[in-house]
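Subject: Structure handover

Hi,

Here is the structure you will be working with. Please open it, then read my notes below.

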Amino acid sequence: MAHLIGQLIFLVLLCTAGFFFTRRIGQIRKNIKLGRDVDRSDRKGERWATMARVAMGQSKMVVRPVAGIMHLVIYAGFILINIEVLEILIDGLFGTHRVFAPYLGEFYDVLIGLFEWLALGVLVACVVFLARRNLLPIARFRSPEMKGWPKNDANIILVVEVLLMFAFLSMNAADGIAQARGLDHYIAAGSFPVSQWLQPLYAGLSDAGVVAVERGAWWFHIVGILSFLVYVPYSKHFHIFLAFPNTWYSDLTPAGQLDNMAAVKKEVDLMMSGDPFAAPAEPAGDTPAEPASFGAKDVQDLTWKQLMEAYSCTECGRCTSVCPANATGKLLSPRKVMMDTRDRVEEVGRAINAAGGDWGQGDGKSLLGDYISEEELWACTSCQACVEACPINISPMGIILDMRRSLIMEDSKAPEPITAMFNNVENNGAPWAFPAADRGKWTDELANES
Ligand code: SF4
Ligand code: SF4
């Protein structure tokens, strides 16, 4: 009877966690789809290779070897220990115990031993990460945008992972003792190279005490994992899922190549062709459609990929740590750009839900201005260092450039030196205060002298 009640509770917990997880995923999907369309379905082979290299292979993480290797351990632990979680799920639903053991034989012992070493590795890495974040003076963890919730979010997950790994090892330690005592239900299965060190903690307990520790740790472990499942889509740790599609849909154009707006490029081509006053020629083929608005003022003006990037951002700060504008004390932090974008799209998503799906005139706010200031945008040098440094191929620079486009093309707002340069290009066909045709005139004097 007790087993049956346990199975029922487990089923209810599993369904509840599944419900909240899928509901949240549905909302994130809806929010991402608020973005403009962009085609990223080409060059599929290259996309799979990029995802395998960058997301699965963590190729950009290990550029900083200490943090990279520890992250790799946590990543491997997350993937492989899930095999153990699968067994726990089956055991929980059907009232079995170590259900895989009879089928896998000695390989099961090898697997459990491997999981234990991984659990120890994850535990150590999380403790080191906690110390780095909270005790060491590492600048990227102390930026203004990392105060409050972002800091707590990072710490919560690390502490939970430490507790989960400890529960996993305690469960195995008590199981090992129960097996040695030949207790009912505890079949001889698994090897416990790490948890054996915890066995002295529980060896003095009665049989009932050992079972209570094993069951308690089992329930703590699985309830912790189900809670983690519900929590993760609200956290920066959602990157453990989104890193894969985000790298698959990477921008595959060569680094430094900026996207042009076709309708605008046509006008510029005409202007640069020599006669800025020439009548527009009839273009061959399809005429590029003029966009409803230029650049991005709010999240709906960004592409769905840029919104996906906002949800994928791990808030690691590698982009900010290499940003020359940030390094020279400017207000700009590319990490904050991604965090602001995610906060704003969340706000818009909630407002749309509250309005029953009718966004109407909006809420009078926008990403540009209410979240990201002009000062931040104009501090960017378009150097691409943030894009290069991001471990999952996010481009904060893309969002910055789109918002600058909005400032210039929609609001005619730009710092004075840039406005002067625009006027020169328009009037002289060159960024200087002299016509482009005069640029080589100094060579005439040389020719006369010779
Ligand atoms: S592109 Fe802009 S935001 Fe990115 S690193 Fe360079 S200056 Fe900073
Ligand atoms: S954009 Fe990339 S590098 Fe910057 S904080 Fe996010 S994940 Fe890290």
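Gly-317 is buried, because 25 other C-beta atoms lie within 10 Å. (A residue is buried if 20 or more other C-beta atoms lie within 10 Å of its own, exposed if 12 or fewer, and partly exposed in between; C-beta atoms are placed from the backbone.) The loop between helix H11 (304–312) and H12 holds Gly-317. Helices are DSSP runs (H or I, at least four residues), numbered from the N terminus. Leaving aside neighbours within four places in sequence, Gly-317 is in contact with Arg-140, Phe-141, Ser-143 and Arg-335. Contact means that the C-beta atoms of two residues, placed from the backbone, lie within 7 Å. From Gly-317 to Asp-343 it is 26 residues in sequence and 17 Å in space, C-alpha to C-alpha.

A word on the source. This is a predicted model: local features need pLDDT of at least 70, side-chain atom pairs count only at pLDDT 80 or more, and totals for chains, interfaces and linings use all residues. Residues are numbered from 1 along each chain as its sequence is written, while chains are lettered from A and ligands numbered from 1 in the order in which they are written.

Now the ligands. Which residues come nearest to ligand 2? They are Cys-313, Cys-316, Cys-319, Arg-335 and Cys-390, out of 15 residues around ligand 2. (A residue is near a molecule if its C-beta atom, placed from the backbone, lies within 6 Å of it.) Two elements give two or more residues to this shell: helix H12 (318–322) and helix H14 (334–354). H14 has the largest share, three residues. By class, the shell around ligand 2 has ten nonpolar, two polar and three charged residues. Ala, Val, Leu, Ile, Met, Phe, Trp, Tyr, Cys and Pro count as nonpolar, Asp, Glu, Lys and Arg as charged, and the others, Gly among them, as polar.

Ligand 1 is also surrounded by 15 residues. The closest are Cys-323, Cys-380, Cys-383, Ala-385 and Cys-386. Helix H13 (324–327), H17 and helix H18 (396–409) each supply at least two residues of this shell. H18 gives the most, with three residues. The shell around ligand 1 divides into twelve nonpolar, three polar and no charged residues.

Next, a helix pair. H14 and H18 pack at about 75°, and their axes are 9 Å apart. (Axes are lines fitted to C-alpha atoms, for helices over the stretch in contact, and angles run from 0 to 180 degrees between N-to-C directions.) That makes H14 roughly perpendicular to H18. Angles under 35 degrees count as roughly parallel, over 145 as roughly antiparallel, 65 to 115 as roughly perpendicular and the rest as oblique. H14 brings Pro-334, Val-337, Met-338 and Thr-341 to the contact, and H18 brings Pro-396, Ile-399 and Ile-400. Six of these residues are nonpolar, one is polar and none is charged.

Last, the loop between helix H16 (374–378) and helix H17 (385–389), where Ser-382 lies. Gln-384 lies in the loop between H16 and H17 too. Most residues other than glycine have a negative phi. Ser-382 has a positive phi of about 55°, and Gln-384 has a positive phi of about 75°. Is Ser-382 buried or exposed? Ser-382 counts as exposed, because it has 11 C-beta neighbours inside 10 Å. Gln-384 has 14 inside 10 Å, so Gln-384 counts as partly exposed.

Best wishes
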